[in-house]
Amino acid sequence: MPVVHLLDYAAGNIRSLVNAIEKLGWQVEWVKTPADVHKAEKLILPGVGHFGHCLTQFANAGYVEPVREHIKSGKPFMGICVGLQALFEGSSENPAVPGLGIARGRLERFDNSNKSVPHIGWNSANTRKDGSQDVSIYGMRPDSKYYYVHSYAVPYKKGELEKDGWTVATARYGDEEFVGAIARDNILATQFHPEKSGAAGQRVLKAFLEGNRHATIKDLTEFSTQEGLTRRVIACLDVRTNDQGDLVVTKGDQYDVREKSGNAVRNLGKPVQKAQQYYEQGADEVTFLNITSFRETPLRDLPMLEVLRQASATVFVPLTIGGGIRDTHDPETGKTVPALEVATLYFQSGADKVSIGSDAVTAAEQYFSSGRTLTGKTAIESISQAYGAQAVVVSIDPKRVYVESAEATPHHTVATSYPGPQGEKYCWYACTVKGGRETRDLDVIQLATAVEAMGAGELLLNCIDKDGTNSGFDLELIRSVKAAVKIPVIASSGAGNAAHFAEVFQNTNVDAALGAGMFHRGEWTVKQVKEELQKTGLLVRRFEEDI
């Protein structure tokens, strides 16, 4: 079996990359010390998170010169995400830390005045030569979309990198065109994550491993080459143990997951098989929410960890895990295990993001009571600092509280088109904890802005009033939260058909939308939803079966 070496010097989900490589028939060996670099015939440098943190670790570990020598020798080298960023001269994310300077240019933060940052989702990698589309490099195609997750990018300036012999693939986010990939001689580097980009990403990895740089493609007129970020459709699996102790996918109304007759936990399938099914239907991400809530400790939740391991071996799109990501007491050792260690356990098992729920509410309450002081000790802050903001999703469970007027409450209100039971024309959204069972005196805007300040990279915006109703998303809630934050927002709760997805994308500027029960019950497939979205002119990623 052929061998490729991986240099894991930074935090992140490396398991998915290993799984993707092994699926292609290659064996992974690890570079554990700088002295091991010379053994590598093919070397991959992944990286996730903060440029300064990653490059400082990289330099302090003594890898700079050995990696330079590997590249100079002409041996194949691939950089992924921060692995691409490392090749440039530096980044405004941390100007004091230099890059390797192999490619000219510096990374700049995306302008968030008219779009969400981080840039999360599926975008293009269209090859440029003198500013025009050219043949594919390493299997990249103009009709494919690739998974990106980053806040900083190299702005594309026509002809500058090409003057130095680089072939460049670009993507566009809003009005900004940026470098999605570069290739020259023995080097390939991608800002996107090929291991999370489905068959399109597998094709890029395969071409690199086989040394097939100049794979040609068919006549470009056959392909849709519309640039920009697609609308993400996410499949969500509520997972819990049933009365027999087995993990099952379930769904309920307002979090009641027991059947009305017999009182058994509603069983809609097995988590790994469901995740695989949605991946094959074209889901852009899969989210596991463990609603058992780890009643003892997530450190002993071995079945859920195994679900992640098995899912990440065959599902090559981002995986999010939620439930129990907090400081936890280990009953076997008697010690408190920090949330960062709990999150690390899930990242090592195959998760790309962790979702934090009730603990985010507590952290926000403390944030406001302390005069908006950041302690650096909350789960959100510690995980974001180690793995990057893109790895932290905050799941919000708000419910409507109706009032007569905006002046009747100190909270952020919405003038609603759906009056309350007494004809109230205003409402505010109260945050809840413990699966909606407890309501707090904290509104959704307070929570959203607090966790954004703490370093959350994305919001999963549920709505208890809409959960299980199949009546569509709460557009008023979504608009109010999107207006208050700059980070991406995922709409959740209420989806019953494809028209609801079209409605939320057309009538709000939400970044993604999530479905659960309608998929689990087989009423709609992800593929069918995307086909309906395409008919309305919305840009979505098509599922690719072959590599």
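**Exercise 1.** Work out whether Cys 81 is buried or exposed, and which residues it touches.

*Step 1.* Start with accessibility: Cys 81 has a relative accessible area of 4%. Buried means under 20%, exposed over 50%, and partly exposed in between, using a 1.4 Å probe and protein chains only. So Cys 81 is buried.

A quick word on the model: it is predicted, so local features need pLDDT of at least 70 and side-chain atom pairs count only at pLDDT 80 or more, while totals for chains, interfaces and linings use all residues. Residues are numbered from 1 along each chain as its sequence is written, and side-chain values use heavy atoms, with hydrogens and water left out.

*Step 2.* Now find the spot: Cys 81 sits in the loop between β4 (77-80) and α4 (82-85). Helices (H or I, at least four residues) and strands (E, at least two) are DSSP runs, numbered from the N terminus.

*Step 3.* List the contacts, meaning heavy atoms within 4.5 Å. Leaving out residues up to four places away in sequence, Cys 81 touches Gly 47, Val 149, Thr 190, Gln 191, Phe 192 and His 193.

*Step 4.* Check the record: UniProt, in an unreviewed entry, places a "binding site" at Cys 81. Such annotations may be inferred rather than shown by experiment; positions follow the numbering used here, and feature names are shortened.

**Exercise 2.** Explain why strand β25 (residues 426-433) is largely enclosed.

*Step 1.* Count buried residues: 7 of the 8 in β25 are buried, so the rest of the structure largely encloses this strand.

*Step 2.* Find its partners; two strands pair if DSSP finds at least two bridges between them. β23 (residues 398-403) pairs with β25 in the antiparallel sense over 6 bridges. β24 (residues 413-415) is antiparallel to β25, with 3 bridges.
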